[in-house]
Amino acid sequence: KIATGATVPRRAPIAGDIDLSQMRISEAPKGDWRRTSFEVPAIECFIIRDATVYSAAGLVAVDEFVLAETLAHANPETCGFSRSADGRIVTQPRTEKHSADRHVHLLAGGADNYYHWMLDVLTRAFVCGRLPEARNAVRLLPPLHAAFQHQTLDLLAMPGRCVEHLANHEATAVAELVFVPSITGGGWRPHPHVL
């Protein structure tokens, strides 16, 4: 209840396809993280100039180099790239866009998956929403297929901010890209500050 005595309306649960109520969830490695406080690692932010971003997974290339971190959870068959015999990444975009604007990278492999959406996309969206470097920048997001994606973006309240969706068969060339590396560290058991 709030001070006036009126009841605060409850929100409906965020939509999902799987009932997790009976599943055991481990949030910390055995024996670790038993302390009462944790030091939050610094969050890095990079401005990458003259980058090309490929697919909903968000592969970032500058000149002939692909940013290795953006290959996490990226499936070559669906993300439009392959590996050559010598291990190099070969991109195969079918549609290319060009933009002079500054963009914020909010793409991730597996973003249709609830876990990857929450930890790989939304955590960075939350951080980027507070960065002066990201102010008035175009948000690069994957296409939204699930109800939980729409609902969580509504909760972040990003009105007035331009959004561009990048599908698996597309690429976009941008003048400046605000890139925040994975906040989870890519692990299966995120640090408590992320949870």
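Guide: In helix 3 (residues 147–156), the residues Phe148, Gln149, Thr152 and Leu153 are buried, that is, under 20% relative accessible area, where exposed is over 50% and partly exposed lies in between (1.4 Å probe, protein chains only). Seen down the axis of helix 3, these buried residues fall within an arc of 130 degrees, so they line one face of the helix; the arc is taken over the directions from the helix axis to the C-beta atoms. An α-helix has 3.6 residues a turn, so residues three or four places apart point the same way. The buried residues of helix 3 pack against helix 2 (114–128) and strand 7 (138–141), contact being heavy atoms within 4.5 Å. Helices (H or I, at least four residues) and strands (E, at least two) are DSSP runs, numbered from the N terminus.

The model is predicted: local features need pLDDT of at least 70, side-chain atom pairs count only at pLDDT 80 or more, and totals for chains, interfaces and linings use all residues. Residues are numbered from 1 along each chain as its sequence is written, and side-chain values use heavy atoms, with hydrogens and water left out.

Strand 7 leads on to the sheet. Strand 7 runs parallel to strand 6, joined by three bridges, and pairing requires that DSSP find at least two bridges between two strands. Here valine 104 stands opposite arginine 139 in strand 7. Strand 6 (residues 95–105) also pairs in the parallel sense with strand 9 (residues 170–179), over eight bridges, with serine 99 opposite valine 174. The open sheet has seven strands in the order 3-2-1-9-6-7-8, with mixed pairing. Strand 3 (65–66) and strand 8 (163–165) stand at the edges with a single partner strand each, so one side of each is left without a neighbour in the sheet.
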